[in-house]
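Welcome! Let's take a walk through this structure together, from its inside to its surface.

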Amino acid sequence: MSSDAVCLDPRFHQGIELFNDQQWYEAHDVLEDLWHETTDPDRRVLQGLIQVAVAHVHLERGNTRGATILLGEGLGRLQGKGLPDFGLDLSALRRVVADRLDALQNQRDPESCPVPRLRQGS
């Protein structure tokens, strides 16, 4: 599945909506279905989004260690040259994820930082 096909897939839009509604587990499920049908570099970006969503499931359940690990892994997958952005502002997402990761790593409340959202890029 190509980047264009990902962007046209209704599951992608559903996953974005669920992510932005902070329905983290549901967003993970929908995006994971799509992820299974992709190859790199699209697969890498989708996995990063999934890991950010699952990190927030861990936060909801009080598992700060799991959230820290997954935010770090997700952030790593969302960085790099030549990655597709699927029309999303991944730079803004990376900043928010990095701030929340920093808060967790320094024993601060990640809820003091903005919640990640998937916004259209410019």
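A word to carry with us: buried means under 20% relative accessible area, exposed means over 50%, and partly exposed lies in between, using a 1.4 Å probe and protein chains only. What you see is a predicted model, in which local features need pLDDT of at least 70 and side-chain atom pairs count only at pLDDT 80 or more, while totals for chains, interfaces and linings use all residues. Residues are numbered from 1 along each chain as its sequence is written, and side-chain values use heavy atoms, with hydrogens and water left out.

Let's begin inside. A nonpolar core is a set of buried Ala, Val, Leu, Ile, Met, Phe, Trp, Tyr and Cys residues joined through side-chain atoms within 4.5 Å. The largest one here has 34 residues, and Phe 12, Phe 19, Leu 46, Leu 49 and Leu 93 have the most contacts inside it. Two or more residues of this core come from each of α2 (10-20), α3, α4, α5 (64-77) and α6 (90-105). Helix α4 gives the largest share, 10 residues. Helices here are DSSP runs (H or I, at least four residues), as strands are (E, at least two), numbered from the N terminus.

Next come the charged pairs. A salt bridge is a side-chain nitrogen of Lys or Arg within 4 Å of a carboxyl oxygen of Asp or Glu, and by this rule the count comes to 4. Arg 11 meets Asp 9 in one of them, at 2.8 Å from N to O. Asp 9 counts as buried because its relative accessibility is 11%, whereas Arg 11, at 22%, is partly exposed. Arg 11 also meets Glu 37, again at 2.8 Å, N to O. That pair links distant parts of the chain, since Glu 37 sits in the loop between α3 and α4 and Arg 11 in helix α2, 26 residues apart. Together, Asp 9, Arg 11 and Glu 37 form a network of salt bridges. Another salt bridge joins Asp 102 and Arg 108 at 3.0 Å, N to O.

Finally, which residues gather in a patch of negative charge on the surface? They are Glu 26, Asp 29, Asp 33 and Glu 60. Such patches are made of residues with over 30% relative accessible area and no salt bridge, with like charges joined within 9 Å and nonpolar side chains (Val, Leu, Ile, Met, Phe, Trp, Tyr) within 5 Å. Helix α3 (residues 24-35) gives the most to the patch, with 3 residues. Glu 60 belongs to helix α4 (residues 42-60), and Glu 60 counts as exposed because its relative accessibility is 56%.

Definitions and conventions. Areas by Shrake-Rupley, 256 points an atom, 1.4 Å probe, with all protein chains shown as cover. Lys, Arg positive; Asp, Glu negative; His and termini not counted. Charge placed at Lys NZ, Arg CZ, Asp CG, Glu CD.
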